[in-house]
Amino acid sequence: MPTLYLINPDCSCPQYYGAEVVAEHTGTRLAAIADLAITTVAALARPYFEVRLADEGIAHADLSLRPDWVGLTGKVSQVPRMLELARHYRAHGSKVIMGGPFASMSPETVRPYCDVLIQGEMEEIGPELFRALAQGHPKSSYLGTRPGLELSPLPAWDLYPNAYGLVGSLQTSRGCPFECEFCDVIQYLGRKQRFKPVENVLAELDLLYRCGYRRVLLCDDNFTVNRGRAKELVSALADWNAVRPAGRVSFMTQGSIDVARDDELLRLMAEAGLNQIFVGVETPHQASLKETKKVQNVGLDLHERLQRIVAHGITVEAGCVVGFDSDPAEIFDIQRDFWMGSCVPNVKVSNLVALESTPLYARVQREGRLLDPSLVASSPWTANIQPLHHSRGEFEDRVRTLCDQLYEPEAFGDRLEQFASVVGQSYQPLQARPSQGPISEALKAWMRTFSKLRTLEPKLWKRTEDLVVRYPRSSSSLAMQLVQFMQQRAILRDNPTVLAVS
Ligand code: SF4
């Protein structure tokens with residue numbers, strides 16, 4: 001049987017949802033989120049190939065292997081390594097196939113580096129594609145479709161190093177009906193949402209559970225926007241979770257702020273163990289929200305909406321973006337004050353990026369303000385848009401400084417206190433930790449990292465201990481927030497400012 005080596009390439013700089021801080025403190029490299037892309041493609045390919053996987057979040061790909069085919073996927077932050085791997089394996093006689101979000105949206109960039117290029121989703125074209133590859137006469141490119149998710153196979157988690165995956169991943173839907181100007185998800189996966197049948201979701205969950213995962217990311221583009229479907233699914237998750245013999249599972253996902261309108265959905269989510277959600281808040285500045293067509297956030301009391309979610313026992317992690325043309329000169333102060341007044345400890349601070357294929361990309365290109373796209377992968381705060389009123393370097397430094405201010409231990413502690421006071425009034429989320437099930441190497445390393453905070457940040461540690469005494473039901477949620485704090489501090493330390501910002 002021919003051989004296929006599927007690789008999830010390393011990112012070129014540390015990511016918000018990375019685990020570099022765990023490796024730094026424990027020497028254990030782990031995947032903060034176990035990779036669903038290579039395990040899904042492996043399931044499609046295995047009838048035709050002997051398949052091996054490498055997730056470079058855990059360990060670098062084996063460069064001494066000489067497979068017939070190497071499969072590479074990735075997002076914009078992975079492109080430099082993706083191209084480096086392609087060059088290496090082609091130079092040593094393997095053929096390379098590329099797909100995934102970046103290859104789909106930026107085909108011209110990757111075309112010179114691969115023998116076969118896949119654009120779009122693979123479920124429907126998988127059998128034809130892998131049969132042709134195995135028989136040695138593939139086309140040079142394939143265009144995927146937007147398949148029904150009942151076609152998505154059970155991922156090949158048996159091939160993945162699960163002991164080093166902290167959080168399992170499972171996708172229950174694709175697409176999002178909103179139309180934010182900067183979003184490439186809707187270009188890649190569409191605005192008409194497609195849903196995986198509930199029984200298929202539960203079958204994938206059974207498999208993740210058998211592999212040892214007790215925390216699972218429902219990696220949908222927008223889990224909550226179709227509230228009827230979300231209620232049906234979380235009710236099924238709650239029933240499933242109620243009869244787990246070896247500890248219950250907790251879930252995290254991504255959604256939009258409109259979820260705060262529906263107390264029933266929030267209650268059902270919390271009851272199912274869905275105790276963390278990422279919400280793209282982006283900015284409190286109304287003109288910037290309108291500019292970027294984030295209509296679902298316009299005209300709301302965003303603090304009140306966030307508080308309503310947290311009050312149900314669901315931690316919010318939020319996106320914060322600066323760099324909109326409508327941002328006023330004082331946007332950095334506005335953003336800092338907004339987040340310091342919120343119950344959101346962890347905020348993903350970003351500079352607005354124009355991803356290829358988005359309306360934003362087309363607009364800034366028309367305006368002559370598009371910079372070298374490869375800049376995007378160089379640091380967490382780098383963008384590829386020429387700001388209207390600043391030099392690029394100065395603007396990036398201001399973004400980094402905003403992040404630094406929000407992650408000063410005292411400032412973070414203040415937000416943690418607001419969070420605990422709100423979430424503490426709610427009921428206890430389900431335990432993320434198994435009561436009897438397997439404790440993976442990833443979880444052990446994560447816990448060792450957490451315990452380092454006692455000596456690294458003694459004041460914040462003490463403050464958190466006091467919060468646990470005052471709000472005992474918030475303890476597990478607080479621990480999750482603190483490791484994310486450590487990751488952000490490590491990213492800041494490793495990415496010093498380029499220019500001095502007064
Ligand atoms: S809500 Fe999120 S997924 Fe949906 S269009 Fe906006 S940025 Fe994209």
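This tour moves through a predicted model, from its domains to the ligand and then to one helix.

Where the two meet, domain 1 contributes 22 residues to the contact and domain 2 contributes 27.

**The domain 1 side of the contact.** Next, select β2 (31-33), α3 (79-91) and α4 (101-105); these are the elements that each give two or more residues to the side of domain 1 touching domain 2. By class, the residues on that side comprise 16 nonpolar, five polar and one charged.

**The ligand.** Now select the ligand and display the residues that surround it: C176, F178, E179, C180, C183, V185, I186, D221, N222, S256 and G280. This shell consists of six nonpolar, three polar and two charged residues.

**Helix α15.** Finally, select residues 392-406, which form helix α15. From its first C-alpha to its last, this helix of 15 residues reaches 22 Å, close to the 21 Å expected at 1.5 Å a residue. Which residues of α15 are buried? They are F395, E396, D397, R398, V399, R400, L402, C403 and L406.

Terms used
Residues are numbered from 1 along each chain as its sequence is written. This is a predicted model: local features need pLDDT of at least 70, side-chain atom pairs count only at pLDDT 80 or more; totals for chains, interfaces and linings use all residues. A residue is near a molecule or strand if its C-beta atom, placed from the backbone, lies within 6 Å of it. Ala, Val, Leu, Ile, Met, Phe, Trp, Tyr, Cys and Pro count as nonpolar, Asp, Glu, Lys and Arg as charged, and the others, Gly among them, as polar. Two residues are in contact if their C-beta atoms, placed from the backbone, lie within 7 Å. Helices (H or I, at least four residues) and strands (E, at least two) are DSSP runs, numbered from the N terminus. The expected span of a helix is 1.5 Å times one less than its number of residues. A residue is buried if 20 or more other C-beta atoms lie within 10 Å of its own, exposed if 12 or fewer, and partly exposed in between; C-beta atoms are placed from the backbone.
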